[in-house]
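Dear colleague,

Please find below the structure we discussed, together with its sequence. My findings follow directly after it.

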Amino acid sequence: MIIANVKRFFSANPIVSLLGILVLILFIASMISPVFFGTENFQNIIRNMAVVGIVAMGMTTVLIAGEIDLSVGSTMAFSAVVGATLMEVDATLPVILATLAAGVFVGLINGLGVSVLRVPSLIMTLGMLAIGRSLGNLISGGQSSYPSNLEGFMFLGRGSIMGIPVAILVFVAVVVFSYYMLALSKLGPALYAVGANKKAATLSGISSIKVKLSAFVFSGFCAALAGIVQSARLGQINPSMGQGFELTAIAVAVLGGASLFGGKGTVLGTLTAAMIFGVLYNIFNLVGISGHIQLVFVALIIVLMAYLYGLQERTS
Amino acid sequence: MSANDKVYSQAKIGSIAGDINYLALLSKYVGRHTLLLTFVVLVIIGTVTSEYFLTSANISNLLRNIAVPAILALGVSFVLLVSRIDLSVASQMIFSPIVGVTAITVLAELMDSSVLVRGNSFIGSSFALILIALFTGGIVGCLNGIGVMYGRITSFIMTLAMMQGLRGMNYYLTGGHAYYLQKSTYTWMGTTELLGIPLSFIVYIVLSVVAGIALRYTLVGRRLYAIGGDERSAALAGINVRYWVIMAFTICGVLAAIAGILFTSRLQSVDAPLGLGYELNAIAFAVIGGVSLAGGKGSPYRVFLGALVITTLLNILTLWGFGSWYQNLAMGVVIISMIALDQLIHRKSNNEL
């Protein structure tokens, strides 16, 4: 009875429930650990969350358009490596621009493959996952490069403005832009329409090719941006970075209310889900649970929350 | 428009139509036999460019490389057939033997003896290990199915969580160290060849034939294809959809365990980080073979063709001296272009996830 009621509430008010869960987790965290609410710990949480969060925002857009992007993890590495080839110039701007351009390019290819060649996105981006990772390795020779000379680049991962870490500001900028795109711009309704019912959207004059292209390009852009922030945080541009990120990003987006069948998902939902994940990992670390058991716990939590959502499988 | 122009334009239309018919015929043939033709072309290329390609050592190597991922792909194809997906096969593959070793170790400790000697060498019964591994695979697959059908969790998310959870468990159970499996029975499985054909490939072919017969001639096949074709109609026709979908996941789990036993018997060890990314290869094999992501289409024979083509391609690249980075690159390009070609030929509506 209680479970059924909880489930009903959850499916009816996903975002309220998510915020509720976040508050509950924050409450538990403050009981467990006295250092939890310290500024430093909080900055840590958000900083950790920023990279996953940026990727998840792009993923949310693609999911809303009714597609999926498995290539984000390798796009992170590929574009960062492409940017690293310009490191000898000793200027931050060309490196960052090259990185972002590489991400956009990957997104463009994904989008063209899905919308023009009509390759199912699962296959298209699965292929791109392999291609991006191997190109990244081939370009870099499998070696990391170290951007510590590029002060501007490092600033994006480690610097702070008025006490707020830049990584967080970048994340906030992505969130604001995603919100603008999905809720305020003309593209937003088109994305939801194409994702919910492609045929109806096409018949009402929306170009599904353009819409899907934009979604994939945004996802590629976000992945490249996450690649920059991650590299700057770690102080190295590693061609094997971001492995498995695609699945974490999908999990975050889906728990935030995005549907794998398209037409559903919000910026606020994904943001809340990303925070829940960030806080959870933080609690695990504070309590001293090892990384491997963390995986098991997170898996259990994903299953539990997905169950509460009562996401129904669409069968045809 | 003058009469001449009209005749001219009609003739033009006629000749274009003729071309289209001819092209359509060709593309129909190519479309039906793309994989076989690709395989023949690859064999010719391989034979011409490398003197080692047709040696028995290389062929036996090729067959060995097909076996493990193809068994995973066979399992995944059962799940794809009922329009679900299983991302957890690779972690299941490693999890099953690890549970086998752990369970026997714990049992032995209860009886005051030890089956782990000299730095994690496992000396317990191989037979018991295999039995527990198969059972574990079945249970995990069944859990996936229950989560999907009773928990109503999308299969992508359910098996994604299972994949992560099992990876965590693999590290936890092994403590991050490899177990060495060097009992004679176990190593026998990894090294035996009959007439130059590795045992693992024979096991794969037997499983494939059994699966093919079951899907084509028995109730199992008719039920699974019906559910994949249209789940609601299948349910209305009185098919117990829950039972059969859970069955598909369970079969997939058992096959993953079999793949894991063959995989670890070849390596003579089992370690948590092994098999990373194999789930995507398995799905790629199945999909290249023509198993539809939308369900209801595909057969073990097609999975075999998909595995054959990709593995032969990778084998030729190895013989040419291209490392794994180039191989992954080629694999990505081949997956995308194969499916794009297929879509161009058939031009049917886009298969969504």
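In chain B of this predicted model, 78% of the contacts between residues at least 6 apart in sequence join residues at least 24 apart. Chain B has 353 residues, and buried residues account for 47% of them. Its secondary structure consists of 13 helices and six strands. Taken along the principal axes, the box filled by the C-alpha atoms of chain B is roughly 105 × 60 × 35 Å.

Regarding the interface, 41 residues of chain A are in contact with 44 residues of chain B. On the side of chain A that touches chain B, at least two residues come from each of helix H6 (121-140), helix H12 (245-255) and helix H14 (291-309) of chain A. H6(A) supplies the largest share, with 13 residues. This side of chain A comprises 28 nonpolar, ten polar and three charged residues.

Two residues deserve a separate note for their backbone angles. A:Arg118, which is not a glycine, has a positive phi of about 60°. A:Arg118 is located in the loop between helix H5 (92-115) and H6 of chain A. A:Arg118 counts as partly exposed because it has 19 C-beta neighbours inside 10 Å, whereas a buried residue requires 20 or more.

In chain B, Ser83 is likewise a residue other than glycine with a positive phi, near 55°. The loop that holds B:Ser83 runs between helix H2 (56-81) and helix H3 (89-110) of chain B. With 25 C-beta neighbours inside 10 Å, B:Ser83 is therefore classed as buried.

Yours sincerely

Technical notes
Residues are numbered from 1 along each chain as its sequence is written. Chains are lettered from A and ligands numbered from 1 in the order in which they are written. This is a predicted model: local features need pLDDT of at least 70, side-chain atom pairs count only at pLDDT 80 or more; totals for chains, interfaces and linings use all residues. Helices (H or I, at least four residues) and strands (E, at least two) are DSSP runs, numbered from the N terminus. A residue is buried if 20 or more other C-beta atoms lie within 10 Å of its own, exposed if 12 or fewer, and partly exposed in between; C-beta atoms are placed from the backbone. Two residues are in contact if their C-beta atoms, placed from the backbone, lie within 7 Å. Ala, Val, Leu, Ile, Met, Phe, Trp, Tyr, Cys and Pro count as nonpolar, Asp, Glu, Lys and Arg as charged, and the others, Gly among them, as polar.
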